[in-house]
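Please keep the sequence and the model in view while reading.

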Amino acid sequence: MNKIIELENKYHIQTYGRFPVVFVKGKKQYLFDHKGKKYLDFLSGLGVTSIGHSNQAVIKAVENQLEKLTHVSNLFYTEPQAMLAKKLVEISIKNGQVFFANSGAEANEAAVKLVRRWAKIGGRAKPEIITAYNSFHGRTLKMLAATGQPEKQKPFEPLPPGFKHVEFNDIKALKKAITSQTAAVMLEVIQGEGGVYPADKKYLKDVGALCKQKKMLLIFDEVQTGLARTGKLFAYENYEVKPDILTVAKALGNGFPIGACIASKKVTSVFKKGEHGSTFGGGPIPCSAALAVLNFMQKKKLSKKAADIGKYLKALINDELGDHIEEIRGLGLMIGIKTKKKIASKVTNKALEKGLIVNNIGEQTVRLLPPLIIGKKDCKKAVIILKKVFREIG
Ligand SMILES: *Cc1c(COP(=O)(O)O)cnc(C)c1O
């Protein structure tokens, strides 16, 4: 066995089901393993390296920042953090404010803490948040409680209270679940880890109206859908509704760990100094990386590109793989392919052998999250590999 894999097996806690590949290098849409084998990356490290591996704009920004300043804590001001906060607000919740965290789960934690303070000040003593079944909001205990997947929760009970789950895309179920203590509804615009299930247009609009009517906050967890992935900078722009609180993370740093919780000032003003914080959150390095990412996305018009290439890729999948698949879900370059047979993990493994990286969610969904810089040629290459894979599995 490979030495690295041996070491990991012995010394790392065995909580990841890993593929037997050791990667050593990445460039744009390609990854290279320790033997020099080249892979076409249609997963982007789970929607993270959206602007490609070893992106030169990010490298330059980070190198430049590394030479100047790495860390001072949030006891002081730094330029990259202030500049990134301004930029994020300008592109999302205008007149809002940002809190920086180190991950998606932590950005969501900030959102939930904000809701609880806001609700208590507003007179709800035991604030409750409604989330959807089949959702995914992170791995901290509170976010596990928010995640509507009982099989993930069971091994870790007792979980923190304050969350209730309802069927996704079912406005009646949501209406029924609301009590006088319900302070917010938290949803993914497209359920990612749950299998790439988009919210219905009417449902999301109705949720927005219901939140206004019942004086509840609407949180969109755009940790996976955010930042050009779905053909818009944020997935909610594909819908007719805006959130009060928005969380992003995965693609924000193109690999540098950073998460952000953005909310309107009527909500953020409830936090007093010292009520929330992070040692590393919003440090100069991840913030300089994120600024480079957002500038690159805008300069290269990656939202539009994701929309156009996404359409092209879906049509290609439909034409070439139609015999093997039942449904194609998703928006832009966030795509879930439902296979006819229960072979999704076999497809993932065989594709990897042939130099294409995808992943599977359960046994009937193959998920594609390619970098947003891919072109038609890459789509053709990927679909040719998938066609061979399906033919071999039979
Ligand atoms: C990945 C993900 C998270 C968790 O992000 P981490 O950075 O792993 O904590 C939360 N919400 C959604 C929608 C995600 O896809």
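Which way do Y30, F32, L31 and D33 point from strand β2 (residues 30–33), and are they buried or exposed? Y30 and F32 point one way from the strand, L31 and D33 point the other way, and all are buried. Here, buried means under 20% relative accessible area, exposed means over 50%, and partly exposed lies in between, with a 1.4 Å probe and protein chains only. Helices (H or I, at least four residues) and strands (E, at least two) are DSSP runs, numbered from the N terminus.

The model is predicted: local features need pLDDT of at least 70 and side-chain atom pairs count only at pLDDT 80 or more, while totals for chains, interfaces and linings use all residues. Residues are numbered from 1 along each chain as its sequence is written, and side-chain values use heavy atoms, with hydrogens and water left out.

## Strands and hairpins

Two strands pair if DSSP finds at least two bridges between them. Strand β2 has an antiparallel partner in strand β1 (residues 23–27), with four bridges. Across this pairing, K27 stands opposite Y30. Strand β2 also runs antiparallel to strand β3 (residues 38–41), to which three bridges join it. There, K38 of β3 is the bridge partner of F32.

Strand β14 (residues 334–339) is mostly covered, since five of its six residues are buried. Six bridges connect β14 with strand β13 (residues 325–331) in the antiparallel sense, and I337 in β14 is the bridge partner of I328. Strand β14 pairs with strand β17 (residues 365–368) as well, again in the antiparallel sense, over four bridges. In that pairing, K338 has T365 of β17 as its bridge partner.

| Hairpin | Residues between the strands | Residue with positive phi |
|---|---|---|
| β1 and β2 | two residues | K28, about 50° |
| β2 and β3 | four residues | G36, near 90° |
| β13 and β14 | two residues | G332, about 55° |

## Aromatic rings and charges

Rings of Phe, Tyr and Trp (its six-membered ring) pair if their centres lie within 6.5 Å; planes under 30 degrees apart count as stacked, over 60 as edge-to-face and the rest as tilted. By this rule the structure has four aromatic pairs. One of them is formed by F168 and Y203, whose ring centres are 5.9 Å apart and whose planes stand at 75°, so this pair is edge-to-face. F168 lies in the loop between β6 (163–166) and α8 (171–177), and Y203 lies in helix α9 (residues 201–213), so the pair ties together parts that are 35 residues apart in sequence. F168 is buried, with a relative accessible area of 13%, and Y203 is buried too, at 5%. Elsewhere, ring pairs link F220, F234 and Y236 into a cluster.

A charge sits over a ring if NZ of Lys or CZ of Arg is within 6 Å of the ring centre and within 35 degrees of the ring normal. K38 lies over the face of Y30, at 4.1 Å from the ring centre. R329 lies over the face of Y197, at 4.0 Å from the ring centre.

## Cysteines

How many disulfides does the structure hold? The structure holds zero disulfides, a disulfide being a pair of cysteine sulfur atoms within 2.5 Å. For C211, the nearest cysteine sulfur is that of C261, 16 Å away. C211 is buried, with a relative accessible area of 3%. For C287, the nearest cysteine sulfur is also that of C261, at 14 Å. C287 is buried, with a relative accessible area of 0%.

## The largest pocket

On a 1 Å grid over the protein atoms alone, a pocket is an open set of points with protein on both sides within 12 Å along at least five of seven lines, and lining residues have an atom within 4 Å of a point. Grid points are joined across faces, edges and corners, and a volume is the space filled by probe spheres set on the points. The largest pocket holds about 1900 Å³ of space. Its lining comprises 48 residues, of which Y16, G17, R18, G45 and L46 lie nearest the centre of the pocket. At least two lining residues come from each of α1 (3–11), α2 (44–47), α5 (104–121) and β16 (359–361). Helix α1 supplies the largest share of this lining, four residues.

How values were computed
1 Å grid on protein atoms, 1.4 Å probe; cavity = no way out; pocket = protein on both sides within 12 Å on 5 of 7 lines; lining within 4 Å.
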